[in-house]
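Trainee: Could you help me learn to read a new structure, one feature at a time?
Mentor: Gladly; let us look at it together.

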Amino acid sequence: MDTSLISSQTVELVSRLTGQKLRQEDITPPVLFLAGLVTVLLGVIHADGTVSAEETQRLRTTFTELIPANNSLRQLVMLMVKGVRDRQVYNKVTVLLALTACFSEEEKLLLISFGYQMSAADGTIEERAKEYLQNIANRLGIAGRYLTVLEASFSSQAIRDTAALAEVHSLLDPAGFQSLDSLFVRAASHILQHLPAKPKQQTNRKHSVSSYQELKKFQEYRQQLNAVCGKLGLTLRDKSDRNVLSPNLAEEITKVSQRLQSPCFRVAVVGEFSKGKSTLLNALLGEEIQPVRDIPCSGNVTILKYGSQRRVICRYKNGREEEIPPAQYQEKASISEEAAYGSYADEEIAKSEIAEIVFEHPDLELCRNGVEIIDSPGLNEQAERTLVTQQVLKTTDAVIFLTHAQNALTEKERELLLYLKKELNYGNNEGAGNIFMVVNFFDLLRREESRQQVRKRVETIVKSQNLIVAENRIHFISAQSALKAILEGNENDDYQKSFQGFTDSIEKFLTVERGAIALQQSAAGIKQIINTGCDELSQYREILAGKLTISQGDKAKIFEQMAEASGRDVKMRNLANKLREESVKEATESWNEWVKILPGRLATKSNKWTSKHSHIWSQDKLIRDYAYQFVLELTQEIDVWSDQKLQFILKQKIETLDFKFKEEFYAIRQEFQEFDRRLSTSLVTQFNNLGIGKNLGGIGIGGSGIASSINPDIGGPGGFLGGLGLGGLVAAGLLFFAGLGIIPVILGGLAAGGGGTFGLGMLDVDGIHNQIKEKVRELGFEKFGESSQSIFDKIHERIIAVFEERVETSSGAIAQAMSLWENLLEQQEMRDRQNQAECDAEKVWLADKRRELQEIENQIEAILGSPLKERSEQVTITENCLP
């Protein structure tokens, strides 16, 4: 529907029909469609000059089925029926043409379909009713063969023109109406239920769009590296059992192996309702697994993954797990139609106990190759489902963001993209490289000119707002057409080819920009462990050869240094506790001051709240929009407080703590340097190989060591606020407190206070909107007042946890440093207990073990020398293991 064609004459016409003084913004697509529908239906009813009881009942039933209970559009229809009947508008074709001037072919066909259903209300289609419908259909430009299909369908006759039937099904596909309003979706679904089934071709239900060869190769490399970890672990444990190597090396290689064995990639499909998420997932998987309806249907997070057998596991919020029959999956994964249509959504979702649903399947080619697909609840469907989706993003490698080709990148979608960019890139202003934009339903754009316009619009918005990297990240597809071609095995279909290009880009990203880097990092971690082991073996070789001897005085000095290190740990813990308590105190004072000024700030912001819904015909939706904007503004205000006030407080404390960490690690390194200088040990090198000693300006960096997670960057990916996740905690406090979100509380409060009716169109419009906004704020702040302390308590808990995590990381690094001292002492004690024969045998054993480490390093080189090497930077290998 081209709403730009709605003129002042159209507004005046609908105003006369309803008896209300309407404005341009009141003439929405549902209002126009209902005006046309009332006109056509009354025209059919009065075509023969009589009104039967069946026709009256059919008229009432039609609008009852299309418009949910308590929706103010029902009041609108009653006014329209009276206006059209009194003015006999149904006899004025020019009026109908004016009402439908902005209708598309599909919308006109949908309109006339209800006319044919009405014509058959009393069992047969009366001739004058048929003539009336043919006349207006001709004026609307509807093909006669489509009318033949409709007439046959509602009079239970056989349809010979199956091609025309297929075309009618395509034109009335509810997916094509999703960008307008749920009323159109319900209307199209209603008509299709009364048509014969669309002719179908035999399909192959297990046909993947891709063989995912690159993902298969990646899995082979991952398995090879994990095998290396297993072999290295045996070698390290053998040496640590003999007190030759530090036991923490075997623990570190176990951690690397666990990372290699964990699921490799997680890809989340995100978007507002009606963008085709479930159909896209089915196309990705090559099988119709996800429930597809013409209303919001993703009620919970669903994880699709590989399993040796087909099974479904429900995981509940209380920790309980339950395996259910696969036949019940679609019921569990979706929400009821009543909830989706709005009246019970928040109540039903708030009561849901399911945390996530895991669907395991042995024949999903993409999942078989190490990819988990996450079907998230639609953003902006309901508050709690939106929060669930936000939590999913925390563990996601890539996001597929869907938008509708007929209404691409709406303002709300651009806001969502900015949010995704912030969450996935930790506030980095550069375009996100891990977001793939999919413009779905591209087949609904009939003209090439329209397609080019959509392409230009999407690319311009993405580039101007720097939302995502443009190269190979934007795809224009039809998931439904692609799925059909996949199931039929039609590899030459254009939409199947477009979809293949999309899957290829996802695969390339996962293997090249995520997978290869991850494997290189794992390989680098393994090499650091090998290098540390080699350093310790070299040290032991020097002790066996008598070139390195630890005197009693040196031993006493080492014990002294170990005691000092232990004291440093206690001192750092005490300092962290002090800074933590100061942070909590200052944050509490700042929070309380912020809460006092919050109502005034939101009152000012509410002046800019907008809604496409009319306070006359869609007051319930208008209130819901304002309630959502209240929650959005409130959450943004808390984010601003955390980003500005809280960050300022914490940045000072963390910088103080980091400075002390730096001092202590610098002192430890100086002690190691002194021993290296006097005794020719390699303690500093071992210290660096553990990832502790490098880049002391940053406390400690990468590698496999425990110190790799200490990061002084307060705002970065590994930094304090990045790990704090305040936005998610805030949202959780707002939406989950007392088991209900703020939005349903506001809606319930307004309903209890008078059904949400504030006035009609003849009254002061701005005054009515201000009344609604004021009531929304009042009820919202009432709920926020109940939960504000709970919200801050969660922030308080997380502040404490992050300080503790930071201290534990530091303690672990100090413990690893102490293990170097311990290992040196144990090696000397072993040498002191051995006679010459035992010493010679130990040298032979040592040489064998050094060769084992060399062989393992050569295996890593062979893996890195495979095609994987071309996908990321080569890691430099130290040579201290060479004989």
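Mentor: Let us begin with burial: a residue is buried under 20% relative accessible area, exposed over 50%, and partly exposed in between, using a 1.4 Å probe and protein chains only. By that rule Ser156 is exposed, with a relative accessible area of 72%. This is a predicted model, in which local features need pLDDT of at least 70 and side-chain atom pairs count only at pLDDT 80 or more, while totals for chains, interfaces and linings use all residues. Residues are numbered from 1 along each chain as its sequence is written, and side-chain values use heavy atoms, with hydrogens and water left out.

Trainee: Where does Ser156 lie?
Mentor: Ser156 is in the loop between α8 (144-154) and α9 (162-171). Helices (H or I, at least four residues) and strands (E, at least two) are DSSP runs, numbered from the N terminus. Although Ser156 is not a glycine, its phi is positive, about 55 degrees. Gln88 also has a positive phi, near 50 degrees, in a residue other than glycine. The loop between α4 (73-87) and α5 (93-99) holds Gln88, which counts as partly exposed at 42% relative accessibility.

Trainee: How many helices and strands does the chain have?
Mentor: There are 30 helices and 9 strands. Of the 883 residues, 55% count as buried.

Trainee: How much should I trust the coordinates?
Mentor: Look at pLDDT, the predictor's confidence in each residue, from 0 to 100. Where it is low, the predicted coordinates should not be read in detail. The chain averages a pLDDT of 78, and 80% of the residues score at least 70. Over residues 291-298 the pLDDT stays under 50, and over residues 870-883 it also stays under 50.

Trainee: In what order do the strands of the sheet come?
Mentor: Two strands pair if DSSP finds at least two bridges between them. Here an open sheet of 9 strands, with mixed pairing, runs in the order β4-β3-β5-β2-β6-β1-β7-β8-β9. β4 and β9 (474-476) are at the edges with a single partner strand each, so one side of each has no neighbour in the sheet.

Trainee: Which strands pair with β3, and in what sense?
Mentor: β3 (residues 311-316) pairs with β5 (residues 354-361) in the antiparallel sense over 6 bridges, and Cys314 has Ile357 in β5 as its bridge partner. β3 also pairs with β4 (residues 321-324), again antiparallel, over 4 bridges; there, Ile313 is partnered by Glu323. β3 and β4 make a hairpin with 4 residues between them, and Gly319 in the turn has a positive phi of about 95 degrees. By contrast, β1 (residues 265-270) and β6 (residues 371-375) run parallel, joined by 5 bridges, with Val267 opposite Ile373.

Trainee: Which residues touch the most other members of the largest nonpolar core?
Mentor: A nonpolar core is a set of buried Ala, Val, Leu, Ile, Met, Phe, Trp, Tyr and Cys residues joined through side-chain atoms within 4.5 Å. In soluble globular proteins, nonpolar side chains tend to be buried together. The largest core here has 77 residues, and Leu32, Leu34, Leu109, Leu110, Ile112 and Leu172 touch the most other members. Helix α2 (residues 29-45) gives the largest share of this core, 12 residues. Apart from it lies another core, of 71 residues, including Leu236, Cys264, Leu304 and Ile530.

Trainee: What does Leu32 touch beyond its neighbours within four places in sequence?
Mentor: Contact means heavy atoms within 4.5 Å. Leu32 is in contact with Met1, Ile6, Thr10, Val14, Ile27, Leu99, Cys102 and Phe103, leaving aside those neighbours.
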